[in-house]
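Me: I have a chain open on my screen and want to go through it piece by piece. Can you help me read it?

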Amino acid sequence: MNNLSGVLPPSLTNLTSLNHLNLSYNNFYGKIPYGGQLQALPDPSIYSGNQGLCGFPLDKRCEITAPAQPLSFLNNEDDDNSETIWFYLSMSLGFIFGFWAISSSLILKKRWRYAYFRFVDHIYDKIYVMVAVNLKKMKRKCSLASE
């Protein structure tokens, strides 16, 4: 009764020193992993209260279709899904509006366009000089260290 939910991980079969396991009255669904120490615990009561579980040691056979999901998962998904959609929609609209606001001002105003590209060239020149000076210093240090 821990309010756990989801599919039982197949890695449960890797447990080696398992004497007792009680997963009852949670919100698990899907096929119960088979193998390892779980085979030594054939008591179906350890899985009772989990309506979505199927497979050994329960009498309920697993269907090939997708497992039933708990109601709490479905309720939360709707809220999260709408928030995610609105987030990406607003981010896309903000990018489109910002891009066209800057691009159209550069297209329509000749002086702004020249000023912008002069600024970009100036920054490029500063970065180029910084990299060239630092490379020269590093080469000088390497040549002094090798002597």
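Me: Start with charge. Which residues form the positive surface patch?
Reply: K136, K137, K139, R140 and K141 form it. Lys and Arg count as positive and Asp and Glu as negative, with His and the chain ends not counted. The place of a charge is taken as NZ of Lys, CZ of Arg, CG of Asp or CD of Glu.

Me: Before I go on, what kind of model is this?
Reply: It is a predicted model, where local features need pLDDT of at least 70, side-chain atom pairs count only at pLDDT 80 or more, and totals for chains, interfaces and linings use all residues. Residues are numbered from 1 along each chain as its sequence is written, and side-chain values use heavy atoms, with hydrogens and water left out.

Me: And what makes a patch?
Reply: Patches are made of residues with over 30% relative accessible area and no salt bridge; like charges are joined within 9 Å, and nonpolar side chains (Val, Leu, Ile, Met, Phe, Trp, Tyr) within 5 Å. A salt bridge is a side-chain nitrogen of Lys or Arg within 4 Å of a carboxyl oxygen of Asp or Glu. Accessible areas come from the Shrake-Rupley method with a 1.4 Å probe, and for residues only the protein chains shown count as cover.

Me: Where is K141, and is K141 buried or exposed?
Reply: K141 sits in helix α2. K141 is exposed because its relative accessible area is 63%, and exposed means over 50%, buried under 20%, partly exposed in between (1.4 Å probe, protein chains only).

Me: Which residues make the nonpolar surface patch?
Reply: Y116, F117, F119, V120, I123, I127, V131, L135 and M138, over about 830 Å². Y116 belongs to helix α2, which spans residues 110–146. Y116 has 38% relative accessibility, so it counts as partly exposed.

Me: What about R113?
Reply: R113 is in helix α2 as well, and is partly exposed at 27% relative accessibility. R113 and S103 are ten residues apart in sequence, with their C-alpha atoms 9.4 Å apart in space.

Me: Step back. What order do the elements run in?
Reply: From the N terminus on, β-β-β-α-α, which comes to two helices and three strands. Helices (H or I, at least four residues) and strands (E, at least two) are DSSP runs, numbered from the N terminus.

Me: How much of the chain is buried?
Reply: Buried residues are 20% of the 147 residues.

Me: How many disulfides are there?
Reply: One, from a search of the whole structure. C54 and C62 form it, with their sulfur atoms 2.0 Å apart; the cut-off for a disulfide is a pair of cysteine sulfur atoms within 2.5 Å. The link is right-handed, at 105° about the S-S bond.

Me: Are those two cysteines buried or exposed?
Reply: C54 is buried, at 9% relative accessible area. C62 is partly exposed, at 31%.

Me: Then C142, buried or exposed?
Reply: C142 counts as exposed because its relative accessibility is 56%.

Me: Which peptide bond is cis?
Reply: The one from F56 to P57, with omega near 5°. P57 lies in the loop between β3 (52–54) and α1 (71–108). G55 is in the loop between β3 and α1 too, and counts as buried at 12% relative accessibility.

Me: Last one: what is the phi of Y25?
Reply: Y25 has a positive phi of about 55°, although it is not a glycine. Y25 is in the loop between β1 (5–7) and β2 (27–31), and is partly exposed at 47% relative accessibility.
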